[in-house]
Amino acid sequence: AVAAFPACAGAAAVVWGSRILVVGGHVKGGAGAGCDVWVLEISTVGGVVCSRLEVGGDKAQHPASRGGHTATMIPGSNKVVVFGGEDKRGRLLNDVHVLDLDAMEWSSSSSAAAAAA
């Protein structure tokens, strides 16, 4: 769904084909319990169109809201690995999550290593 992209800090971005994925980031007021993913599509006619990516699957596998993390697209796949960062209270995170863009699902921790392969 097309939406207004929220002001945020500490997000990570990766290139996905001709689009840019923006993963996570701290939103003023601490809104959002999860690690939102936004798609930015560059248009020569209308500028930038952004929409929030709807990721399904087990909510227990979704990463918590975070900023200052890394996000890396795995070459030759449609998978993004997200590592670490800090939560909205400034606590450091030491977890790994993989977003499978084909299945539109997150996997986490020990299952993430297998999903990234």
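1. A quick word on terms to start: strands (E, at least two residues) and helices (H or I, at least four) are DSSP runs numbered from the N terminus, and two strands pair if DSSP finds at least two bridges between them. With that in hand, Ile20 has Leu40 in S5 as its bridge partner.

2. Please keep in mind that this is a predicted model, where local features need pLDDT of at least 70, side-chain atom pairs count only at pLDDT 80 or more, and totals for chains, interfaces and linings use all residues. Residues are numbered from 1 along each chain as its sequence is written, and side-chain values use heavy atoms, with hydrogens and water left out.

3. The sheet is open and has four strands in the order S2-S3-S5-S6, with antiparallel pairing. Its edge strands, S2 (12-16) and S6, each pair on one side only. From one strand to the next the twist averages 25°, with axes being lines fitted to C-alpha atoms and angles running from 0 to 180 degrees between N-to-C directions.

4. Now for the pairings of S5. Five bridges link strand S3 (residues 19-23) to strand S5 (residues 37-43) in the antiparallel sense, and Leu21 sits opposite Val39 of S5. S5 also runs antiparallel to strand S6 (residues 47-52), joined by six bridges; here Ile42 has Val48 in S6 as its bridge partner.

5. A note on the cysteines: the whole structure holds zero disulfides, a disulfide being a pair of cysteine sulfur atoms within 2.5 Å. Cys35 counts as buried at 7% relative accessibility, whereas Cys8 is partly exposed with a relative accessible area of 31%. The cut-offs are under 20% for buried and over 50% for exposed, with partly exposed in between (1.4 Å probe, protein chains only).
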